[in-house]
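Please look at the sequence and the model below before reading on.

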Amino acid sequence: MRFVKINAADADSKSVKRNCIAKAYAQVDKNTETSQTTKTLKTYFNGIKNEIIAFYNALNKKTVASALVAVAALSLTMLFNINFSFAYNAFIGDTELGYVPDKEFVQNCVDNINAEFAQYVSGEDIIKAKITYVPAIIRRAAFTDAVAVCENIKSTSDVMVQAYSVEVDDIAFAALNDKTQAEDIILQIASLYKTDDATQVSFKEDVKVLYEYVPSVIVMDSAAALERLQGFTTLYNTVAVDKKIAFADFAADNGLEVEYLKSLNPKLGEYINTSDTVVIPVWKPIITVLTTDTLSYETTVPFEEQVTEDATIYEGSEKILQAGANGITAVTEKIERANGAIVNQTVISSEVVCEPVMQMRAIGTKERPSHVGTGSFMRPYYGKVSSRFGSRRSGTHTGVDICGTVGDPIVAADNGTVIFSGWSGGYGKVIKIDHNNGYVTYYAHCNSLLADVGDVVEKGETIATLGSTGNSTGPHVHFEVRYNDEVQNPMNYVN
Ligand SMILES: [Zn+2]
């Protein structure tokens, strides 16, 4: 649409055709957009406006007004409101900004421009000439949108030029004269943090290239633009302090120059109190590249243990019935990064590759035997006595021999502590038990020894198996009883 300037003075001077409302509508229906028609319509509709005012004045004055006239007036008003609106055509110097609903609309555009470019140029430099407004009536569809009005405002400034601007969250940080180069910079920044296995790359901010008016100072070449967009922008946070602190100390603690911090907090004095708030700068990357990738690894699943009580094991002792083994789980995580730094880590799959094996541990509940003998002995083996205690032709037989079968269990004759378990000359494999009451017993010629030195054994507990080791003529156990190291006739102690 081409804009046509109509001075307010001109509009007022035109004669208003009061009796041609119908004709005016006929014109509107044609809806041509030539400047002449626009101009004519404006003139006609000033007339309509006056007609409507006149109708209402008439209705107020005359209580008996024609119903038809009232209906016609209302219909006319409705038709007008649906299709047309009062507007201003705004100008800076000779440059038309567009049709706007009110002056505030233009002021908002100016404020936005100033806010966006304050870091590069002052608002006064951008808007040099006065804004003028020409009243108008336009079709509602003919309003100029805010973006176009802003661009028109910028076009009036000699510090603004048209270029391909890289906008980040609607703020232009750098601009190039070449569109392809501007678009390529966005791709280059995205690729900075793209890892080989990245599945997604995006920007946290809204990043786009627009052909628009920007301050000429931000038009730069590719290399400079790339460097600028990898830089930081300053945000301002308001913070409180935990305890009263000197302004200079606060500045030092935050790595800020005192003068700079003072410029952000002109009202603060030498000390900052807990009731004060302090404005501090926070530097944020202009563009944040968000990437997503996955990480796969294996992790160990520790085995569990089941503990059971076992009445066949002595208290304080235990036995591993089944050894535990750790399992393996394959884990895949989704890693989300912002400019390379991990900001979120989520497990997306976790699969057991190898189940852990439960450890089964039995702990003893059996009461430990006393290491002190009861004073009475039982036979270590039940069998035929082949040789009694006492004198022989060859000397004294220091115990009794009981015949049996190789491998049969030999039991302790009474509670006690094993003091010897091994080979001893003519005894062959022998176990000696001290009953800690003056008595010691021997079990000789064994096939195998099942108790170790230091073991506390219970009366009747298996300690060895019957054999024929050492000075022996056949399988038997030589059972010997000593009291204070003097051999006794075992048959006096067993039944
Ligand atoms: Zn013997």
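A residue is called buried if 20 or more other C-beta atoms lie within 10 Å of its own, exposed if 12 or fewer do, and partly exposed in between. In this predicted model, D169 has 14 C-beta neighbours inside 10 Å and therefore counts as partly exposed.

D169 is found in the loop between β4 and β5, and its phi is near 50 degrees, a positive value in a residue other than glycine. Most residues other than glycine have a negative phi.

## The sheet on either side of that loop

The strands β4 and β5 belong to an open sheet of three strands, which has the order β5-β4-β7 and antiparallel pairing. At its edges are β5 (171-176) and β7 (207-215), each of which pairs on one side only, and neighbouring strands are turned by 45 degrees against each other on average, when direction is ignored.

Strand β4, which covers residues 160-168, runs antiparallel to β7 and is joined to it by nine bridges; S165, for instance, has L210 in β7 as its bridge partner. Helix α9 (residues 222-229) packs on this sheet, where it touches β4 and β5, and the direction of the helix makes about 160 degrees with that of β5.

Is N484 buried or exposed? Because it has 8 C-beta neighbours inside 10 Å, N484 counts as exposed. N484 is found in the loop between β29 (476-483) and β30 (486-488), and its phi, near 50 degrees, is a positive value in a residue other than glycine.

Methods:
Residues numbered from 1 in each chain as written. Predicted model: local features only at pLDDT ≥ 70, side-chain atom pairs only at ≥ 80, totals over all residues. Pairing = 2+ DSSP bridges. Helix = DSSP H or I, 4+ residues; strand = E, 2+ residues; numbered from the N terminus. Axes fitted to C-alpha atoms, helices over the stretch in contact; angles between N-to-C directions. Contact = placed C-beta atoms within 7 Å.
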